[in-house]
2 protein chains.
Amino acid sequence: MARSWWGWGNDEDAVRGAELNELLGRVRALMPGELTDHRPPDIASLGLPEPRVTAPASLAGLCSAEPADRAAHAHGKAYRDVVRNLQGDLRHVPDLVARPRDEREVTDLLDWCTREGIAVVPYGGGSSVVGGVEPRCDGRPGAVTLDMGRMDRVLEIDRTSRAARVQAGVFGPHLESRLRPHGLTLRHFPQSFEFSTLGGWLATRAGGHYATLYTHIDDLVESMRVVTPSGVSASRRLPGSGAGPSPDRLFLGSEGTLGVITEAWMRLQERPRRRAGASVRFADYAAAVAATRAIAQSGLNPANCRLLDAAESLLNAGVSVGGGVLVLAFESADHPVHHSLARAVELCRDHGGEPSADATGEPGGTSGTESGAARAAETWRSSFLRMPYQRDVLARHAVIAETFETACTWDKFEALHRAVTEAARQAMSEVTGTGVITCRFTHVYPDGPAPYFGVYAPGRWGSTVAQWDHIKAAVSEAIEASGGTITHHHAVGRDHRPWYDRQRPEPFAAALAAAKAALDPAGVLNPGVLLPAP
Amino acid sequence: MARSWWGWGNDEDAVRGAELNELLGRVRALMPGELTDHRPPDIASLGLPEPRVTAPASLAGLCSAEPADRAAHAHGKAYRDVVRNLQGDLRHVPDLVARPRDEREVTDLLDWCTREGIAVVPYGGGSSVVGGVEPRCDGRPGAVTLDMGRMDRVLEIDRTSRAARVQAGVFGPHLESRLRPHGLTLRHFPQSFEFSTLGGWLATRAGGHYATLYTHIDDLVESMRVVTPSGVSASRRLPGSGAGPSPDRLFLGSEGTLGVITEAWMRLQERPRRRAGASVRFADYAAAVAATRAIAQSGLNPANCRLLDAAESLLNAGVSVGGGVLVLAFESADHPVHHSLARAVELCRDHGGEPSADATGEPGGTSGTESGAARAAETWRSSFLRMPYQRDVLARHAVIAETFETACTWDKFEALHRAVTEAARQAMSEVTGTGVITCRFTHVYPDGPAPYFGVYAPGRWGSTVAQWDHIKAAVSEAIEASGGTITHHHAVGRDHRPWYDRQRPEPFAAALAAAKAALDPAGVLNPGVLLPAP
């Protein structure tokens, strides 16, 4: 399998043939647009500038100056990244891609870059959608992308405590394949799972697939090793502690600005054996939200509690229903979960929900999701994994197709949803004349949901990045004004900075900048991410 | 009710009469010792030095120089604090006790102290057991204790999101009394509940009564306001976020060194209506630990999962059993919990546990704990609340009676337990010739327990602080060497510093010191806590 240099995942998995025709048919039914295909340029035609820096002999063997490497590491995987790749618009390309094999080599690379003032961009799977891996590091003599992909081993498994010591460069599938023989799983499945790494998840506080309890990778961390220009920070493996502010919580979400995460002890779980699931239809969206809130506050802690609004249900689950569909699932490695599902369904019925016929499942076994009436859930799930590929092919056809997400407290959700939807529609009307906005909950907390929005609009080839940027700015303003977070699990990077800067408390920013200056005195680590470049 | 100036809680609740005789009888049965009572000195006899500083006129009305105030704020509530009070040994007394009524006054007090270089000790309920509120601030022209007790209001309740905005100075019972009419509870019940405050819990990452899921106050925080000498840090109310390192997590556990927490939005819960509980006896401690681990890893998430070892069972639950007693409880505001209890009991039986006869309770109602066979649980619980009072009266009788706690991964527990027990016995043998050490789990995580140890030994009046310090140093060394944390939920303060300094990663300490310098440039906030005094 060959990784795409310009878009998501593997070239072989791109949307084509019948899937493409079906997708374009759905788009045509929804909106006008030319839908002409634009092919990615050859890397040779990009005319990348010569690297500005040369690694010292001792590190040269770790560094690649190949155009294909440099091009593939220039952007993340946001819509605006993919489109710019398609247009051959690569303004910030790393001078070198370094691939350390161990912690010593990470240290040596940081030492060299610190000495020379060269920007270092730590890089996991490169699936950032916020400009987190794009070396926009003006004023530096060069930029080196530090690709952690060679440090991908599971070093130790502690079956008793159910934990593993894992190198940061491991990709999701490889990690799970190493844990499976032990009956264990990290159970962290972001949409990027195949093409993102443990280190990337930790650095960006990634969100997994599960809706409650362990929503972010943060909660699964026992300890971390982080190489900083001022030394290695190694925290102690602990199940819990109250000894000062948590060291790990400073590095979680630091997005490569404080150090390079090289390994972590991660909490694992037994692989689930009991499952029960259902999908519940609602005629009224407010009632669906109220039911979802009741479940989120019930202490039932479903594995999945994904409320799709009417547009999302139609577009991605093929269900036409006025108030949306709530996809519910419970899982356990230890005990039956049908009581929990039955109670969650009862809460839905209290709010006018109509569950699929076999919703309550059978005691003692896997049930629900595999069977007929819960088909919407499965349809949605396979669609979920294809979404980035579909987004790419739509990008080639000048369709604007992108997502953004937030979280807010329940009391603010209705107003936030209205403000964001109106801002998106207004902005789409301004730049494209039309478009669709959808909403689903990816995670739910007792005190609020994490809504995830999708935007689909017919763009004008050559302008789709600017068009999307206009829409994104409008919805970001609406989120900010409505009390949401600029990101629930997509990180800040460089692109969320204007809103993040207003969201985070000013004294905290001063504390974070001071911490960075202590750990990275030359300011070489991912300049411009989270904080102004020094 | 009058608060004791020298010991725990209210003077009226002190151990006396039959309770005292029964307690001393139990101690006599266990160990030799004179057991002569030593009464606390009169405050007038302490000869406190005159205050070294005078508040400016605008703040004078908030400040007390009363000897009773200053004496009551000189120490926390550790055994060594109580004994030093009993001996009239108050070497570090605040010059003034300031009681701000609002955030403006907190700011003004910090401004004044920053200008003058006067140390500020933020103070909630004063229940620190680690020297966290003792103004050991040599080299400063004075020390002001900032008692937050006047800022004790519940400012707002959001019933929809189940959250409340609460001032930091509120004590546990007052907070719960304000939430009860709304059917809500913070459900955070540390042993100090009656005599500690929300702000204190947040500043020290306090642990509550519940064994799993929401163990520390950290998880219950939506947002915080913190007054620092460099401005007010106000985070946004969010149910979850991935926008950079969490601002709240920097201030949680900062123990008054980065700022003064003035208020927080806290996540609440419905008051539980369904309960089921049981106690399970084990002949073998290793089997009891294995059963507890199985439950901790089951995803059942009991509210209580408290394994008392044989000595703890005997001393505090009146049960004689070789391997200990596991006290189990499940609670819910939403759904029956007897299935969960039944499964947990089954896991115990798999490991040779013998549950109390009615352990599984009845579907649909409160059961178990109230009834006969689970009486050990209730006996233990009332004993739990009396423990600090008993400790104080034992301190008066020259008995060494103190606790300490840690957490470690399951794979390390057996060795840690052995090392700590042996270190305690050896140290007790050196300083007192004899003594008893007990162990219980206060909290359990999928990857490890939080063991809580009790030490009881016959001291020599006039030397009990030195004797305890010797024991504490020995067990702390054993914890550190065995891979535990120096504290799971009692904070670092000044007394845990030698071990904390070895535990926390050096680059993290540098980052924390830099953050402190940015927020508190004059270094006036609780100098010597967490970090070396600047």
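## Helices 13 and 14 of chain B

Helix 13 of chain B crosses helix 14 of chain B in a right-handed sense. A crossing counts as right-handed if the near helix is turned clockwise from the far one by less than a right angle, and left-handed if anticlockwise. Helices here are DSSP runs (H or I, at least four residues), numbered from the N terminus. This is a predicted model, where local features need pLDDT of at least 70, side-chain atom pairs count only at pLDDT 80 or more, and totals for chains, interfaces and linings use all residues. Residues are numbered from 1 along each chain as its sequence is written, chains are lettered from A in the order written, and side-chain values use heavy atoms, without hydrogens and water.

Helix 13 of chain B spans residues 410–431, and its axis comes within 8 Å of that of helix 14 of chain B, at roughly 155°. Axes are lines fitted to C-alpha atoms over the stretch in contact, and angles run from 0 to 180 degrees between N-to-C directions. Helix 13 and helix 14 of chain B are therefore roughly antiparallel (an angle over 145 degrees). Contact means heavy atoms within 4.5 Å. On the helix 13 side of chain B, the residues that meet helix 14 include B:Leu416, B:Ala423 and B:Met428. Among their partners in helix 14 of chain B are B:His470, B:Ile471 and B:Val475. By class, this contact has 13 nonpolar, 2 polar and 1 charged residues. Ala, Val, Leu, Ile, Met, Phe, Trp, Tyr, Cys and Pro count as nonpolar, Asp, Glu, Lys and Arg as charged, and the others, Gly among them, as polar.

## Helices 4 and 14 of chain B

Helix 4 (residues 79–86) of chain B also packs on helix 14 (residues 464–481) of chain B, with axes within 9 Å and a crossing of roughly 165°. That makes helix 4 of chain B roughly antiparallel to helix 14 of chain B. The crossing is left-handed. B:Tyr79, B:Arg80, B:Val83 and B:Arg84 of helix 4 touch B:Thr464, B:Val465, B:Trp468 and B:Asp469 of helix 14. The classes are 4 nonpolar, 1 polar and 3 charged residues.

## Helices 13 and 14 of chain A

In chain A, helix 13 (residues 410–431) and helix 14 (residues 464–481) pack at about 155°, with axes 8 Å apart. Helix 13 and helix 14 of chain A are therefore roughly antiparallel. Their crossing is right-handed. The contact includes A:Val420 and A:Ala427 of helix 13 and A:Ala474 and A:Ile479 of helix 14.

## Interface of chains B and A

83 residues of chain B contact 83 residues of chain A. The buried area is about 6,200 Å², with 58% from carbon and sulfur atoms. Buried area is the accessible area (1.4 Å probe) that two parts lose on being put together, summed over both. B:Arg236, B:Pro239 and B:Pro245 supply 12% of the area that chain B buries against chain A, more than any other three residues.

## Salt bridges

A salt bridge is a side-chain nitrogen of Lys or Arg within 4 Å of a carboxyl oxygen of Asp or Glu. The interface of chain B and chain A has 8. B:Asp334 pairs with A:Arg343, with the closest N and O atoms 2.8 Å apart.

Within chain A, A:Asp37 and A:Arg396 form a salt bridge at 2.9 Å, N to O. A:Asp37 lies in the loop between helix 1 (17–30) and helix 2 (57–60) of chain A and A:Arg396 in helix 12 (residues 375–396) of chain A, so the pair ties together parts 359 residues apart in sequence.

Notes. Helix = DSSP H or I, 4+ residues; strand = E, 2+ residues; numbered from the N terminus. Parallel < 35°, antiparallel > 145°, perpendicular 65-115°, else oblique.
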